[in-house]
Amino acid sequence: MGQAKLLDEITALEEKVSNLTNHYWRTYSNADTWEFWLLLALFILPLVALYFLIDRKRAFHIGFFGFNVHVWFHYIDIYGYTHGLWGYPYKLVPFLPSSVTLDTALIPVLFMLVYQWTINNNKNYYLYLTGMSVFLSFLFKPTMVAFGLFQLYKGMNYFHLLAGYITVMLVSRGITNLFLYFQTTKENPKTPNTTKPIEKETPKRKRFILSKLFHLKRKAK
């Protein structure tokens with residue numbers, strides 16, 4: 001099969017999957033279902049909580065960390081969904097291959113607030129975010145499975161989900177620390193002092209300058 005023909009087949013299959021997904025959403029996951037409104041609440045409430053709870057003095061710092069969590073969790077979620085490792089029977093947005101509720105709002109906000117708390121209270125980031133990851137993997141996700149909001153396939157289990165959360169936790173913290181390092185080195189550059197000291201005038205030099213001035217004064221008269 002040639003390249004052009006293969007690309008055409010991929011495009012046709014993607015279009016067919018998109019049409020089936022939209023049909024499924026309109027039939028089983030639309031605004032007439034309680035699952036839709038639950039997902040909407042889980043999307044809005046974390047963002048409202050973040051608005052009131054975020055530390056305004058560290059808003060950019062915390063926000064940058066949260067954006068990292070969103071991006072990396074979104075990538076992992078898309079990989080798992082597109083490879084048939086897990087699925088979401090109900091969604092807010094039908095055309096995205098991941099959960100907007102989890103990827104954009106709930107998970108990033110939870111990570112941001114715990115991260116902020118560890119900074120403001122001088123607590124161990126890795127300990128408390130690991131605890132958060134355990135909670136999400138072994139309590140929150142099983143609850144979603146029980147309510148039919150999340151499904152695992154191909155032998156996936158909650159330990160695999162925990163590994164994903166831990167990865168997001170480490171990568172997001174590492175990138176945030178790297179950019180904080182760039183910021184501090186920019187604000188406090190350790191450049192050597194190249195300013196030459198002012199030369200002190202010796203008595204001999206002072207006598208020479210005074211004699212010159214005296215000579216110019218007599219000549220002017």
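The largest nonpolar core in this predicted model has 30 residues, where a nonpolar core is a set of buried Ala, Val, Leu, Ile, Met, Phe, Trp, Tyr and Cys residues joined through side-chain atoms within 4.5 Å, and buried means under 20% relative accessible area, with over 50% called exposed and anything in between partly exposed, using a 1.4 Å probe and protein chains only. The residues with the most contacts inside this core are Phe65, Trp86, Leu102, Ile107, Phe111, Leu136 and Tyr165. Two or more residues each come from α3 (59–82), α4, α5 (125–146) and α6 (158–187), and α4 gives the most, with eight; helices here are DSSP runs of H or I of at least four residues, strands are runs of E of at least two, and both are numbered from the N terminus. As general background, nonpolar side chains in soluble globular proteins tend to be buried together.

Before I go on, a word on how to read the model. Residues are numbered from 1 along each chain as its sequence is written, and, since this is a prediction, local features need pLDDT of at least 70 and side-chain atom pairs count only at pLDDT 80 or more, whereas totals for chains, interfaces and linings use all residues. Side-chain values use heavy atoms, with hydrogens and water left out.

Phe65, in helix α3, is buried, with a relative accessible area of 0%. Setting aside residues up to four places away in sequence, Phe65 touches Phe111, Met112, Tyr115, Tyr125, Ser172, Arg173 and Thr176, contact meaning heavy atoms within 4.5 Å. Leu102, with neighbours within four places again left out, is in contact with Phe73, Tyr88, Ile107, Pro108, Phe140, Lys141 and Met144.

Lys91 lies in the loop between β1 (86–87) and α4 (100–120).

Finally, the chain as a whole: the secondary structure comes to seven helices and two strands, and of the 221 residues, 30% count as buried.
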